[in-house]
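Thanks for asking me to take a look at this one. Here are a few notes, written with the model open beside me.

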Amino acid sequence: MKVILITPEEPCESEVELITEALEVGLYRCHLRRPHWSIEETKSFLDSFSPEALAKIVLHDHHQLAKEYPIGGIHFNRRHPFTERPIGISASISCHSLEEVERYHEQMDYLFLSPIFNSISKPDYPAQFSLEQLRTSTIIDDKVIALGGITLERLTLLHGIPFGGVALLGDFWNCLPSANPIDHLKTYLSLGY
């Protein structure tokens with residue numbers, strides 16, 4: 001099972017160190033999602049990482065930086081809709097319906113489907129799918145990543161749905177500062193589903 005981390009919209013203390021450690025312990029990718037950041041702020045953030053870590057960082061914004069940095073991919077979303085498949089770099093996309101997953105499935109390396117559960121980071125973003133609807137879908141496979149309200153407790157509810165992994169946002173970053181989110185991530189990596 002792939003575990004992907006999405007950055008919160010606002011930076012947190014020791015973020016670069018946490019992301020680096022998360023990648024070292026087995027995180028598949030870290031998605032940099034800072035829609036309000038300038039290109040200069042994004043470059044400054046990317047400059048904080050080693051080439052090995054950059055190879056696992058995916059940009060949601062400022063896709064043109066993929067020509068300057070050896071990043072792990074670009075991500076398409078409502079702010080930056082898919083137009084054509086980039087050559088020589090991994091591509092992913094946010095989907096909010098099974099129809100969107102079907103539309104983009106062949107053109108992407110992986111796809112986020114959300115929200116699977118009520119979002120932790122966006123209180124006004126409720127689940128859009130029933131578990132039965134997800135179980136009976138023929139389009140969900142190992143390219144589809146579950147996003148939205150993912151927690152360790154809810155992970156068992158996804159048994160029998162062939163997702164290729166999960167994407168974490170609130171369940172990772174909300175651990176701070178009272179707990180170590182890396183230990184939390186290690187539990188995800190050890191459990192699978």
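Predicted model: local features only at pLDDT ≥ 70, side-chain atom pairs only at ≥ 80, totals over all residues.

1. By class, three nonpolar, three polar and two charged residues make up the lining of the largest cavity.

2. Next, the open space. The largest pocket has a volume of about 440 Å³ and a lining of 25 residues. Nearest its centre lie Arg33, Ser114, Lys122, Tyr125 and Leu147. Strand S8 (165-168) and helix H7 (170-173) each contribute at least two residues to the lining of the largest pocket. Sorted by class, that lining holds 10 nonpolar, 10 polar and five charged residues.

3. Helix H1 (residues 15-25) packs with helix H8 (residues 181-191) at an angle of about 25°, and their axes are 10 Å apart. Because of that angle, H1 is roughly parallel to H8. The crossing of H1 and H8 is right-handed.

4. Which residues in H1 and H8 meet? From H1 they are Leu18, Glu21, Ala22 and Val25, and from H8 they are Pro181, Ile182, Leu185, Lys186 and Leu189. The contact of H1 with H8 comprises seven nonpolar, no polar and two charged residues.

Technical notes:
Residues numbered from 1 in each chain as written. Heavy atoms only, no water. Axes fitted to C-alpha atoms, helices over the stretch in contact; angles between N-to-C directions. Helix = DSSP H or I, 4+ residues; strand = E, 2+ residues; numbered from the N terminus. Parallel < 35°, antiparallel > 145°, perpendicular 65-115°, else oblique. Left-handed = near helix turned anticlockwise from the far one by under 90°. Contact = heavy atoms within 4.5 Å. Nonpolar A, V, L, I, M, F, W, Y, C, P; charged D, E, K, R; others polar. 1 Å grid on protein atoms, 1.4 Å probe; cavity = no way out; pocket = protein on both sides within 12 Å on 5 of 7 lines; lining within 4 Å. Points joined across faces, edges and corners; volume = space filled by probe spheres on them.
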